[in-house]
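Here's a quick briefing to read alongside the structure.

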Amino acid sequence: MTMRDTDRALVQAASAVAKLRCRSAAHTLAAAARTVDGRIVSGVNVVHPAGGACAEVVVVGTAATQHAGELETIVTVGDRGRSLVAPCDPCRRLLADHFPALRVITGTVEDPQVNQVTESPTTPE
């Protein structure tokens, strides 16, 4: 799939959230998603020994809470300059179940790739 200017802006939005909000071991990834009507919803992961939540799951919950509607594209960025991160397999399945047409941006910031959620690579849990 082709990267759009709006996809590059989404990567920048997730990168900004990672830079501002991922400053501790409790928050190491930021995700941003664009809805079909152009709204941006973002969130960070929550790391905790008793269990946590991936950034993608937080974004889905935030979108639902804000009545943001259908997600069109999502990207996850690591803290401290790490690259784009593919969803883990459980998150990819959750995203595919809720948004089967979702586009996922992965790869590197310099060379991002866009895939359908059903075809996107995954990161081990």
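The side chains of Arg 93 and Asp 89 form a salt bridge, with N and O 2.6 Å apart. A salt bridge here is a side-chain nitrogen of Lys or Arg within 4 Å of a carboxyl oxygen of Asp or Glu. Keep in mind that this is a predicted model: local features need pLDDT of at least 70, side-chain atom pairs count only at pLDDT 80 or more, and totals for chains, interfaces and linings use all residues. Residues are numbered from 1 along each chain as its sequence is written, and side-chain values use heavy atoms, leaving out hydrogens and water.

**More on the salt bridges**

- By that rule, the count comes to six salt bridges.
- Arg 93 and Asp 89 are four residues apart in helix α3 (residues 89-98), so about one helical turn separates them. Helices (H or I, at least four residues) and strands (E, at least two) are DSSP runs, numbered from the N terminus.
- Arg 93 is partly exposed, at 43% relative accessible area, and Asp 89 is partly exposed too, at 26%. For these labels, buried means under 20% relative accessible area, exposed means over 50%, and partly exposed is in between (1.4 Å probe, protein chains only).
- Arg 4 and Glu 72 meet through their side chains in a salt bridge, 2.5 Å from N to O. Arg 4 sits in the segment before α1 and Glu 72 in strand β3, so this pair ties together parts that are 68 residues apart in sequence.
- Arg 4 is partly exposed, with a relative accessible area of 36%, whereas Glu 72 counts as buried at 18%.
- Asp 7 pairs with Arg 34 in a salt bridge, their closest N and O atoms being 2.8 Å apart. Arg 34 is in strand β1 and Asp 7 in helix α1, so parts that are 27 residues apart in sequence are tied together.
- Both Arg 34 and Asp 7 are buried.
- A network of salt bridges links Arg 4, Asp 7, Arg 34, Glu 72 and Arg 103.

**How the strands line up**

- Strand β3 (residues 71-78) is mostly covered, with eight of its eight residues buried.
- On one side of the pairing list, β3 goes with strand β1 (residues 29-35) in the antiparallel sense, over seven bridges. Two strands pair if DSSP finds at least two bridges between them.
- Leu 29 stands opposite Gly 78 in β3.
- Strand β4 (residues 103-107) runs parallel to β3, joined by three bridges. Here Val 75 has Ile 105 in β4 as its bridge partner.
- Ile 105 also has a bridge partner in β5, namely Val 114. β4 and β5 pair in the antiparallel sense over five bridges, and a hairpin joins them through four residues.

**The nonpolar cores**

- The largest nonpolar core has 18 residues, and those with the most contacts inside it are Val 59, Leu 71, Ile 74, Leu 95, Leu 102 and Val 117. A nonpolar core is a set of buried Ala, Val, Leu, Ile, Met, Phe, Trp, Tyr and Cys residues joined through side-chain atoms within 4.5 Å.
- β1, α2 (55-65), β3 and α3 each supply at least two residues of this core, and α2 gives the most, with four residues.
- A second, separate core of 15 residues includes Met 3, Ala 14, Cys 22 and Ala 30.

**Cysteines, and a loop residue**

- How many disulfides does the structure hold? It holds zero, a disulfide being a pair of cysteine sulfur atoms within 2.5 Å.
- Cys 22 is in no disulfide, and the nearest cysteine sulfur, that of Cys 54, is 13 Å away. Cys 22 is buried, at 4% relative accessible area.
- For Cys 54, the closest cysteine sulfur is in Cys 91, 3.6 Å away and too far for a bond. Cys 54 is partly exposed, at 30%.
- Thr 28 lies in the loop between α1 (5-21) and β1. Thr 28 is buried, with a relative accessible area of 18%.
- Leaving aside neighbours within four places in sequence, Thr 28 has contacts (heavy atoms within 4.5 Å) that include Cys 22, Val 77 and Gly 78.
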